[in-house]
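Here are my notes on this one, point by point. Have the model open while you read.

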Amino acid sequence: MGTVSEAGVPPAHELLDEVAPLELAPAPARELPARVVAARVSLPVRLKDLWRSRELFLFLVRKELKVKYKGSILGFLWSMLNPAVVLVVYYVVFTYFLKANVPDYALFLFSGLLVWNLFNNALMGSSTSIVAAAGIVKKVAFPREILAMSQVGAAVVFFGFQLVVMAVFLAGFQVAPAWSWLPLVPFALVDLVVLTAAIAIFLSAVNVYLRDIEHLIAVLLQAWFWGVPIIYSFNKVYTPSHRWLGYLYLADPITPIVLAFQRAFYGKVSYVTYADPVHHLGRVVSYQLANYPYHFYLVMLAWVLGIGVVLLLGALVVFGRIEGNFAEEL
Amino acid sequence: MALAIDIQRVSKRFRLYHEKYTSLKERVLHAGHIPYEDFWALRDVEAQIEAGKTVGILGRNGSGKSTLLKCIAGILQPTSGQVVVRGQLAAMLELGAGFQPELSGRDNIYLNGSLLGLSRREIDRRFDAIVEFAELDQFIDNQVKYYSSGMYVRLGFAVAVNVEPDVLLVDEVLAVGDERFQQKCLERVRAFQREGRTIVVVAHSPDLLRQVCDEIMVLDRGELVTMSSPGEAIQAFRGILIDAGAVGPEGEPGVAGSAPGLGHRQVRILGTRVEHPGQAERSYVVSGEPLALHVDFEVAEAVAAASFSITVLSARNEVVYSSATGALGQPIALAPGAGSLSFVFDSLPLLDGSFTVSLDVRDERGAVLDVAENAAKFEVMNPGRATGIVALPLRVELVAPGDARPSLASRTLP
C-alpha cells in the first residue's frame, strides 16, 4: 500500500505561490515633488527643504539633550552645575571683593547670564557640529544646517530650564519682576535665537575648512562676554562724558537683548538705600538701569531682529556655497 | 513614461591638495601657494532614468560611480550640471550611518528614520515591523553601544528597508555580509521592483547587477561609456577591464593600473556554436539529452596555461552553472593560430526555459584575455511535469500511516 502517484505531489508552482504571493502595490499616482541637486540651489528652495526637515530637527535636539544629560535627572542637575558655579563666583567676587554695590546683584547677573549662556552654548556646540557628524554627512543627504540649528535648539531648551531656576530665584528672594516689561522677553528671545542661529550656521560651515575656528571662537567669546554689560551695568559705560562708548555698546546686537532681559527680570531702574550697611554713607541712590522708555527697547530689539534676519539669510547663502564639498572635506 | 531621475550634464571636480591645510593658521602661513591638482570624477554625464526602472551603475574603482550616486542622493553637489530627482528619495549607502551609541535602539530608529526622510507618523507605523525585522524586541530600549556588531547591522538594515521611497539608491556595501543577509537584500529589491519603485544600484561586480537591473550604466574615468541592456553593458565593462588589463583572479576588478595594459588581445573568441541531438528538426534540447558548445578562437600570441570558463545563466540571469578549465585542472597551452574548444555536457539536467552562455578566457595569472557575453543561447524542453530550473533526480518514499513497520514504496519521478 501507499504508492504515491505523481498527482499526489502538488505542482511546484502552486507551492511557490503560497510562499511568495505576488504583491502588486498600486503605483504612486500622486504628483511627485521634484528635487534639484546642483552647485547652486536658490535660497527659497533651501528654506523649503529646511522646513520639510523640521521633524529631523526635533529628533536631533532630543538626541543632543539625551546625550548631554544621559537621560537622567542627575545628569541634568550636573549640567546646571557649570552656570551655577559661574554665577556664585561672580557674585562673591563682585559683591565682597570688588564692592560692586549693586542691590540683589545675583539677580542682576543671572538676568544677563541667561542670554549669554544660550549664545555661548549654542556657538560652542554648533562650531563643531558638522565635523562631529562627519559619519552622517558623508552618507546621508539632508539639509546640513539642521546640525548647527539643533545645537541652537538644545541651547534654547537649556535656557528654558534656567528660566525655571530664575523663577525660583525670584520667588526665593521675594522679588517681583517688572511685570509690565515682561513682554520684552519673548521678543528679545526671538532676536537672540535668530542672531545665534545665523552665527552658528556660519561657524559650523567655516569650521569644516578651518578646523581651528572652534578654539578661536572660545577665545573670542571670552572677550565678547566682558564687552557686554552682564557683570557690570550699562550705566557704568554710558555716561554723559562717554556717550560714544554707549553707542558702541549698543552696536553690539547682544547688548539690547541683555538690557531687555535685565529690564524685565531685574527691573530696578533706581534703588534707594537709606542706611548703607557697608559704607555707612547714609542715604544712597543707586541707578542700576538706565531709565529708557518702552519704545526705546522696542526699536532696539526691532533693529537687532533686522540685523539677525539679514545675517541668517547671509549665513544660509554662505553655507549653501560651501556645503557642496563637505562630504569630501570631512 | 515619466522620468524619475534626470542627470543633466553632470560634472564633478575634486581638488586634490598635495598637502592638506585644514586650519586657519596653516592657511595663513601658506596663503597663496597651496599646490593642488584638479581631478574630474565625473565629466558631462547625461542620463535619464525612467520611473519604475532598476538601473545599475558599473565601473572600476575610481570610475566615478559612487560619486555619481552621491550626486543623485544630494550628498555631493555637482560642480556643473544638475540632477533632478522626482519623488521621495532614500539612499542606502551605509547601514546604520548616524546611529548614536549613547541612544537606545528605539531612539535611533526614530533618528535614523528621520534622517532617511520619514516623518514621525510614518516611523510610528513601521516601528513594530522594524523591531521585528531586526529581531531586537528585548534590546530595543538598550543603548546601541552595547549592541553586538550583528545587532547593529540588523537594526540598520531593518530601518533602511522599511523606508519606502519612490527612488531608492543602493551602494554595493549592502552586498557585503553573509549569504542570508544578501538574500534578504535582494528580496527587498525585488519587492521594490514589483511595487514600481525606481532603484539605482552601484556595484563593481557585474553579477549582482545582471540579476536585478533593467539597464546598466557603465562609467569609466568619469565618463558614461554606455547605458544599455545588462548583457551589452557588461560586455562593454569587460572590454574596459581587458583594455586596462586589470582583472584579478576572481573576476573582480583590481585597482586601475595594477597590471600592465594590453594594447591588443592575445586571444580572441570568434564565435560559439551549440550542438545537440535532433538539431535539424527542433530548436530545443530535451532534458537529459547531451549538449555541446563549440568555441572558435584565434591566438595572436602564445599563452602557456590558458583557462576557458563557461557560465550558464537562466532567463532570470541566475547563474545555473559556472566553471573553468583551469579549475578542472586542465590548463591549456595555446600556440598562435586558429583553434576550437568544445564544452560537452553528456546529459543536460535542466528543466524548461531558455538559457544563455557566457565565456571568457584567462591567462595563468587570471587576467582576462577575452570575454563573450551571451555567446550562445539554447532552449530546454522538459517532457515531465516538474518545474524549476534543475532536473534533480528524485525518489519518493512514503511511510503509510497505520503501518507498524515502514513499508517502502518508491517511484522515481521524471
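1. Helices (H or I, at least four residues) and strands (E, at least two) are DSSP runs, numbered from the N terminus. We are looking at a predicted model, where local features need pLDDT of at least 70, side-chain atom pairs count only at pLDDT 80 or more, and totals for chains, interfaces and linings use all residues. Residues are numbered from 1 along each chain as its sequence is written, while chains are lettered from A and ligands numbered from 1 in the order in which they are written.

2. Now the strand 17 neighbourhood in chain B. F308(B) has V361(B) in strand 17 of chain B as its bridge partner; strand 13 (residues 303-313) and strand 17 of chain B run antiparallel, joined by seven bridges. Strand 17 of chain B also runs antiparallel to strand 18 of chain B, with nine bridges, and there G353(B) stands opposite V380(B). The hairpin of strands 17 and 18 of chain B has five residues between the strands, and G366(B) takes a positive phi near 95° in it.

3. Is strand 16 of chain B covered or in the open? None of its nine residues (337-345) is buried, so strand 16 of chain B lies largely in the open. By buried I mean 20 or more other C-beta atoms within 10 Å of a residue's own; exposed is 12 or fewer, partly exposed is in between, and C-beta atoms are placed from the backbone. Strand 16 of chain B still pairs antiparallel with strand 12 (residues 291-299) of chain B over nine bridges, V344(B) being the bridge partner of A292(B). Strand 17 (residues 353-362) of chain B, on the other hand, is mostly covered, with seven of its ten residues buried.

4. The two chains have their own make-up. Chain A has 15 helices and three strands, and 35% of its 330 residues count as buried. Chain B has eight helices and 20 strands, with 39% of its 414 residues buried.

5. On to the interface. Contact here means C-beta atoms, placed from the backbone, within 7 Å. On that basis 55 residues of chain B are in contact with 43 residues of chain A. Strand 4 of chain B gives the largest share of the chain B side, six residues. That side divides into 26 nonpolar, 16 polar and 13 charged residues. (Ala, Val, Leu, Ile, Met, Phe, Trp, Tyr, Cys and Pro count as nonpolar, Asp, Glu, Lys and Arg as charged, and the others, Gly among them, as polar.) Strand 4 of chain B also runs antiparallel to strand 1 (residues 34-38) of chain A, the two joined by five bridges, and V37(A) stands opposite V83(B).

6. Have a look at the six-stranded open sheet in chain B, with order 5-6-7-3-8-9 and mixed pairing. Its edge strands are strand 5 and strand 9 of chain B, each pairing on one side only. Strands 5 and 6 of chain B pair in the parallel sense over four bridges, and V167(B) in strand 6 of chain B is the bridge partner of L89(B).

7. Which residues touch the most other members of the largest nonpolar core? They are V115(A), I201(A), I72(B), L169(B) and V200(B), out of 183 residues. Such a core is a set of buried Ala, Val, Leu, Ile, Met, Phe, Trp, Tyr and Cys residues joined through C-beta atoms within 7 Å. V200(B) touches, among others, I72(B) and L169(B), not counting residues up to four places away in sequence.

8. In chain A, V152(A) sits in helix 8 (residues 145-173). V152(A) is buried because 27 other C-beta atoms lie within 10 Å. Beyond residues up to four places away in sequence, its contacts are A122(A), S126(A), V193(A), T196(A), A197(A) and A200(A).

9. Last, helix 8 (residues 230-244) of chain B. Its buried residues include P230(B), F237(B), R238(B) and L241(B). The buried residues of this helix pack against strand 3 (54-59), helix 7 (206-212), strand 8 (215-220), strand 9 (223-228) and strand 18 (368-381) of chain B.

Technical notes. Contact = placed C-beta atoms within 7 Å. Pairing = 2+ DSSP bridges.
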